[in-house]
Amino acid sequence: MANKSANKKTLSVYLYIPNIIGYIRVLMNIVAFARCFSDKKLFSVLYFISFICDGIDGWFARKFNQVSTFGAVLDMVTDRVSTACLLAVLSQIYRPGLVFLSLLALDVGSHWLQMYSTFLSGKVSHKDVKDSTNWLFKAYYGNRLFMAYCCVASEVLYIILFLIAEHQSESVNDVVMNTLKHSSLFCFGFSLVLFGWAIKQAVNVIQMKTAADVCVLYDLNRSHRP
């Protein structure tokens, strides 16, 4: 009886509304990347909808009291994998591709370190940075609108770069500069997303250093224990 009750509770968490949205996000990303080179517009629409659903499932989790550790991990893994895949695609379209692979490594590395340092610190959420001394880091995780702007800007920038590329092995600088010459409105929008993207990359660097410090401090404290 106890095992059946535990199994039912486990199944109920898997079937939380925000987690079901998470599964749909995964499926949309699979279809999007399967069609990314044959139908750029379909890819962009599916990818962006999946990204927007990241905020929607969070709202559902709070609305119906269905916040779960599994859901949080599913969200982060989906976010990181989808962004990593898009950066990998961009690294094959543009030159130098190392730029996008470096951004991929920074994104995955900083978030992985942040999650690990969160567990070492005994915190519930990796967004709990109240004890941080860096104002930008605290502003990013402390203000949902600011964080949303930076995240949306980063993803929109990558989608734009994907859409405006016409041939493989093009210089990212040449493609962007040629596109900016044709539209002042596009230039303004591009500048807006570029600014948000730059903030997010700065936060990733700060996050990586802060999380590494937590890991080192944990090692030092452990070494001094009798």
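Where does Tyr116 lie? Tyr116 lies in helix 5, and I come back to this residue in point 9.

1. **Ground rules.** This is a predicted model, so local features need pLDDT of at least 70 and side-chain atom pairs count only at pLDDT 80 or more, while totals for chains, interfaces and linings use all residues; pLDDT is the predictor's confidence in each residue, from 0 to 100. Residues are numbered from 1 along each chain as its sequence is written, and side-chain values use heavy atoms, with hydrogens and water left out.

2. **Confidence.** The mean pLDDT of the chain is 90, and 94% of the residues score at least 70. Among the elements, helix 2 (residues 17-34) has the highest mean, 96, whereas helix 1 (residues 2-14) has the lowest, 65. Please keep that value in mind when you look at helix 1.

3. **Elements.** The chain holds nine helices and two strands, where helices (H or I, at least four residues) and strands (E, at least two) are DSSP runs numbered from the N terminus. Reading from the N terminus, the order is α-α-α-α-β-α-α-α-β-α-α.

4. **The record.** An unreviewed UniProt entry lists residues 13-35, 42-61, 145-165 and 180-199 under "transmembrane region". UniProt positions are given in the numbering used here, feature names are shortened, and annotations may be inferred rather than shown by experiment. How do two of these ranges look in the model? Residues 13-35 are 87% helix and 0% strand, with the end C-alpha atoms 32 Å apart. Residues 180-199 are 85% helix and 0% strand, and there the end C-alpha atoms are 21 Å apart.

5. **Overall dimensions and surface.** The C-alpha trace spans about 65 × 45 × 30 Å along its principal axes. Of the 226 residues, 39% count as buried, where buried means under 20% relative accessible area, exposed over 50%, and partly exposed in between (1.4 Å probe, protein chains only).

6. Contact means heavy atoms within 4.5 Å. Of the contacts with a separation of 6 or more, 73% involve residues 24 or more positions apart. On the charge side, the mean positions of the 21 positive and 14 negative charges are 8 Å apart. Lys and Arg count as positive and Asp and Glu as negative, with His and the chain ends not counted; each charge is placed at NZ of Lys, CZ of Arg, CG of Asp or CD of Glu.

7. Val193 sits in helix 9 (residues 184-223) and counts as buried because its relative accessible area is 12%. Leaving aside neighbours within four places in sequence, Val193 is in contact with Ala153, Val156, Leu157 and Ile160. Ser82, in helix 4 (residues 69-93), is buried at 8% relative accessible area; not counting residues up to four places away in sequence, Ser82 touches Asn29, Phe33 and Tyr47. His126 is in the loop between helix 5 (98-121) and helix 6 (135-142), and its relative accessibility is 16%, so His126 counts as buried.

8. **Backbone details to check.** The peptide bond from Arg95 to Pro96 is cis, with omega near 0°. Pro96 lies in the loop between strand 1 (94-95) and helix 5. Asn65, a residue other than glycine, has a positive phi, near 55°. Asn65 is in the loop between helix 3 (40-63) and helix 4, and at 66% relative accessibility Asn65 counts as exposed.

9. **Partly exposed residues and some distances.** Is Tyr116 buried or partly exposed? Tyr116 is partly exposed, at a relative accessible area of 42%. Its C-alpha atom is 26 Å from that of Ala153, 37 residues apart in sequence. Ile24, in helix 2, is partly exposed too, at 43% relative accessibility. The C-alpha atoms of Ile24 and Leu185, 161 residues apart along the chain, are separated by 34 Å. For Val193 and Val26, 167 residues apart in sequence, the C-alpha to C-alpha distance is 25 Å.
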